[in-house]
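Here is a short briefing on one protein model. Look at the sequence and the 3D view, then work through the points below.

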Amino acid sequence: MSGVTSSPVGRPTRGTTGTNRLRRIDRWIARHPVLRRTEDPLVVDLGFGASSVTPVEMLSRLRRERPDARVVGLEIDPERVERARVEARGIDGVRFARGGFEIPLPRGERPAVVRAMNVLRQYDEGDVADAWALMCARLQPDGILVEGTCDEIGRVATWIEVGADAEPRSLTISLRLAGLDVPSIAAERLPKALIHRNVPGERVHEFVASVDREWTRAAAVAPFGPVHRWRTAMHTLADAGWPLVRRERWRLGEVGVAWDAVAPR
């Protein structure tokens, strides 16, 4: 394919994938202002894994908001690329290519969004900034990178929104509220840039502890359901001065916070 490099930048992912694993991230991207505004709703799923399932599911969810959305799945392993092409044959709007952090696309195409979930977890924290810079260099001027981690069944997920300038903007924690014990379960799934910073003295540790504390305090309203309890906790967090973003997502068990509030010290 024209535009695909012979030596992709990065390492093969573990390949783990599963139906509905990335549903929370997909829906967040689908309702993001960047995807709504762009004239070219092209989205890259970097490191899609051992099958075509996550790019195909992503396309279906994006098209509920942008019927003209297109998805490109990129993988370093050529066998995975060929397998995905066979699996998704006949599905309009999705294609697959070999590539890594350099985001090789033909004809100078630039995505509005690059999603890189569960990709950087195998790297060192010191590798993150360079990886972000490579991916963001291929974005549309107003595009975003969504980079993070989730558990195997998609009930616990966290991700960082990074701008086209390769500067992080926010951290989002997304949880299945039914049966939730404590929100700090998300700590073990923090993105690589933060997972080793969840220690006393770091901002992200303070934020996660504050979410736990307010969730516990909101137990008094638990009889009204977990969503009501979560929203009560989030309102208290906001009143305490945490710079929360995209508050319309609270009802879905999400909380987004401005990067400066959780950035490594």
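**Serine 174 and its surroundings**

Setting aside neighbours within four places in sequence, serine 174 is in contact with Arg24, Arg155, Val156, Ala157, Trp159, Gly253 and Glu254. The model is predicted. Serine 174 belongs to strand 7, which covers residues 168-175.

- Is serine 174 buried or exposed? Its relative accessible area is 0%. Buried means under 20%, so serine 174 is buried.
- One of its contacts is also polar: the side chains of serine 174 and glutamate 254 are joined by a polar contact of 3.4 Å.
- Arg24 is one of the buried residues of helix 1.

**Helix 1**

- Helix 1 spans residues 23-30. Seven of its eight residues are buried, so the helix is largely enclosed by the rest of the structure.
- Which residues of helix 1 are buried? They are Arg23, Arg24, Ile25, Asp26, Trp28, Ile29 and Ala30.

- Strand 1 covers residues 42-46. Five of its five residues are buried, so strand 1 is largely enclosed by the rest of the structure.
- Its residues point two ways: Leu42, Val44 and Leu46 to one side, Val43 and Asp45 to the other. All are buried.
- Strand 1 runs parallel to strand 2 (residues 70-75), and five bridges join them. Valine 44 has valine 72 of strand 2 opposite.
- Strand 1, helix 3 (residues 53-62) and strand 2 make up a β-α-β unit, and the unit is right-handed.
- Strand 1 also runs parallel to strand 4, with three bridges between them. Aspartate 45 has arginine 115 in strand 4 as its bridge partner.
- Strand 4 then pairs with strand 5 (residues 144-150), again in the parallel sense, over five bridges. Here methionine 117 stands opposite glycine 148 of strand 5.

**Aromatic pairs**

- How many aromatic pairs are there? The count comes to six.
- Phenylalanine 101 and tyrosine 123 have ring centres 5.5 Å apart and planes at 55°, so this pair is tilted.
- Phenylalanine 101 lies in the loop between strand 3 (94-98) and strand 4 (113-117), while tyrosine 123 lies in the loop between strand 4 and helix 5 (128-136). The pair therefore ties together parts that are 22 residues apart in sequence.
- Both phenylalanine 101 and tyrosine 123 are buried.
- Phenylalanine 207 and tryptophan 242 make an edge-to-face pair, 5.1 Å centre to centre with 65° between the planes.
- This pair links distant parts of the chain, 35 residues apart. Phenylalanine 207 is in helix 7 (residues 203-217), and tryptophan 242 is in the loop between helix 8 (226-239) and strand 8 (244-245).
- Phenylalanine 207 and tryptophan 242 are both buried.

**Charges over rings**

- Where does the charged end of arginine 11 sit? It sits over the ring of tyrosine 123, 4.2 Å from the ring's centre.
- Arginine 229 lies over the face of tryptophan 215, and the distance to the ring centre is 4.0 Å.

Methods. Residues are numbered from 1 along each chain as its sequence is written. This is a predicted model: local features need pLDDT of at least 70, side-chain atom pairs count only at pLDDT 80 or more; totals for chains, interfaces and linings use all residues. Side-chain values use heavy atoms; hydrogens and water are left out. Helices (H or I, at least four residues) and strands (E, at least two) are DSSP runs, numbered from the N terminus. Buried means under 20% relative accessible area, exposed over 50%, partly exposed in between (1.4 Å probe, protein chains only). A polar contact is a pair of N or O atoms within 3.5 Å; within protein, one must be able to donate a hydrogen and the other to accept it, and residues adjacent in sequence count only if both atoms are side-chain atoms. Contact means heavy atoms within 4.5 Å. Rings of Phe, Tyr and Trp (its six-membered ring) pair if their centres lie within 6.5 Å; planes under 30 degrees apart count as stacked, over 60 as edge-to-face and the rest as tilted. A charge sits over a ring if NZ of Lys or CZ of Arg is within 6 Å of the ring centre and within 35 degrees of the ring normal. Two strands pair if DSSP finds at least two bridges between them. A crossover is right-handed if, with the strands pointing away from the viewer, the path from the first strand over the helix to the second runs clockwise.
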